[in-house]
Amino acid sequence: MFNEYADYDGLGLAQLIRQREISAQEVLETAITLCERGNPALNAVVHPAYEMARQQLRQGLPDGPFAGVPMLIKNTGFEVSGQPLSSGSHLFSGVVSAQDSTLIARYRQAGLLLLGKSNTPEFALSFTTEPLAYGATRNPWDLQRTPGGSSGGSAAAVAAGWMPLANASDGAGSTRVPASHCGLFGFKPSRMRNPLGPVAVEAIAGMSTPHAVSWSVRDNAALLDASAGADRGDPYAAPASAASFLQAVSQPPRSLRIGLITHSPLGHAIDPDILRVVNEAASLCSTLGHQVEPAVCAYDIEALMRAWRIILGVNVASGMNSFAAARGIADPLSLLEPVNQQWILEGQQWRGLDYLWAINQLHAMARAMGQFFSQYDILLSPVTSETAPLLGEMQGDTRDLDAFYQRFWQHGPFTCVFNAAGCPAMSVPLGISTRGLPIGVHFGAAFGEEATLFALAGQLELVQPWFKRRPSIHSGVPHVSD
């Protein structure tokens, strides 16, 4: 065991390895030991691949920025050669990937050691990680609560100190929500900043964007430097960045125009602790020289909710039908969770005209966000309307799709518009509730403006650091309260 392991972020560990102050094998075995010790309590890793990581190390590592740093891959949408890809579902039990996806190949080239797959809700369709196929993941800050979803396994593992960063993806807030609930930095890049190939072109009409949760801002930025860029054959891509994202972290931003939103677009109440933390973040930004003022972002939230439901239902139904036909599965619905059975049955009924209407709503959201960001550089808001819910409150073990869907949106009404518009956004861990639960603050920017967000995040991390604010269940690090 490398006892100081949790004192370093990923780039810090890589530097120690590069300078031969610690070996990559010691780092890897520490991470594996922490996963094996902690997973019975948290259930964050569902497909461990520790021997694959050891073999990867034995074969030699490239001279990448994260050479020797351990990492988990989310158990949906990401192909890792020779490893399971069950997407949190009994339906895909036994599926093994034949090749690495482009993103995974870039992770390997950056020197990351892949320890396995992290838990996710079935098909990543929930803000809690409680798949019936693999069981609930628990939040290291409170074992009775969810770490969020759909990247809940990754967030729980990083929050518990098993590794400094982990792969995630975000189709409605699925990176930012778990980051908020677990006290981490979570970043959703612009649409198609990271590749989804070589097989897939885009996910859920371009709304799902892969990236990561991490303890430090610089790890997140350096990882995006390593992974970003169009894949061969991509029909479109995010605009090129003028400089590296890692460089942006250390360069204080100019005075930014920040629009503050503190009310739910659905009109639901917001936890007072969350409002307090968001308002404190707004005051902090003002102190740093930014111009903060109350704002309104005018878009049709009801249309967005309906469009997202149609697009998800059609896409998941199509994927299920294709897989079942290829495998000769007569009744694939019987292998799914009750709420997803209903969602797919509904999805199979939508017409092409309905789907085109839904796509056009995404374009309307992009126009609305474009209008907002013609007035402001940053949109500042809560990530969610409440802190991490208790396990069971948002689980998909119901056939009432309407009730499940309303609860989903009530919990996270702020994040999805950034997926619809393709704009980058981040959750920054700037607060703690009166019950000791983490609270992230949401910052979003115009399409292609990741560097602006990273510069602001770096500034916030410098003046209000969170690296040592850890849960009680952590790798030897005591809980530090604010």
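Visitor: What volume does the largest pocket have?

Guide: A pocket is found on a 1 Å grid over the protein atoms alone, as an open set of points with protein on both sides within 12 Å along at least five of seven lines; a cavity is instead a set of points where a 1.4 Å probe fits but cannot get out, and lining residues of either have an atom within 4 Å of a point. Grid points are joined across faces, edges and corners, and the volume is the space filled by probe spheres set on them. Here the largest pocket has about 1,300 Å³. Lining this pocket are 46 residues, and Thr76, Gly77, Ser87, Ala200 and Ala203 are the closest to its centre. Please keep in mind that this is a predicted model, where local features need pLDDT of at least 70 and side-chain atom pairs count only at pLDDT 80 or more, while totals for chains, interfaces and linings use all residues. Residues are numbered from 1 along each chain as its sequence is written, and side-chain values use heavy atoms, with hydrogens and water left out.

Visitor: Which elements give two or more residues to the lining of the largest pocket?

Guide: Elements are DSSP runs numbered from the N terminus: helices are H or I with at least four residues, strands are E with at least two. For this lining they are β6 (209–214) and α10 (301–327). The largest share, 10 residues, comes from α10. For classes, Ala, Val, Leu, Ile, Met, Phe, Trp, Tyr, Cys and Pro count as nonpolar, Asp, Glu, Lys and Arg as charged, and the others, Gly among them, as polar. The lining of the largest pocket then has 24 nonpolar, 18 polar and four charged residues.

Visitor: What phi does Ser87 have?

Guide: Ser87 is not a glycine, yet its phi is positive, about 55°. Look for Ser87 in the loop between β2 and α4 (102–109).

Visitor: What volume does the second largest pocket have?

Guide: Its volume is about 210 Å³. Among its 15 lining residues, the closest to the centre are Ala248, Gln251, Ala451, Thr452 and Ala455. Helix α15 (residues 450–463) gives the largest share of this lining, three residues. By class, the second largest pocket is lined by eight nonpolar, five polar and two charged residues.

Visitor: How many cavities of 30 Å³ or more does the count come to?

Guide: The count is five. In the largest cavity there is about 80 Å³ of space. It is lined by 14 residues, of which Pro121, Glu122, Ser126, Glu337 and Gly396 are the closest to its centre. The second largest cavity has about 60 Å³, and its lining includes Tyr5, Tyr8, Trp215, Arg470 and His474.

Visitor: In what order do the eight strands of the open sheet come?

Guide: Strands of a sheet pair through backbone hydrogen bonds, either parallel or antiparallel. Two strands pair if DSSP finds at least two bridges between them. The order is β4-β6-β5-β10-β11-β9-β7-β8, with mixed pairing. At the edges are β4 (165–170) and β8 (291–294), each pairing on one side only. Within this sheet, β7 (residues 257–260) and β9 (residues 378–382) run parallel and are joined by three bridges. Ile258, for instance, has Ile378 in β9 as its bridge partner.

Visitor: What is the order of the open sheet of three strands?

Guide: This sheet reads β1-β3-β2, again with mixed pairing. Its edge strands, β1 (45–48) and β2 (70–74), each pair on one side only. Strand β3 (residues 113–118) runs antiparallel to β1, joined by three bridges. Pro48 has Gly116 in β3 as its bridge partner.

Visitor: At what angle do the axes of α1 and α7 cross?

Guide: Axes are lines fitted to C-alpha atoms, for helices over the stretch in contact, and angles run from 0 to 180 degrees between N-to-C directions. The axes of α1 (residues 10–18) and α7 (residues 217–227) cross at roughly 75° and come within 8 Å. The two helices are therefore roughly perpendicular; under 35 degrees counts as roughly parallel, over 145 as roughly antiparallel, 65 to 115 as roughly perpendicular and the rest as oblique. In contact, which means heavy atoms within 4.5 Å, Gly10, Leu11 and Gly12 of α1 meet Arg218, Asp219 and Ala222 of α7.

Visitor: Where is Pro198 found?

Guide: Pro198 is in the loop between β5 (185–188) and β6. The peptide bond from Gly197 to Pro198 is cis, with omega near 10°. Another cis peptide bond runs from Gly149 to Ser150, with omega near 5°, and Ser150 is in the loop between β3 and α5 (152–159).
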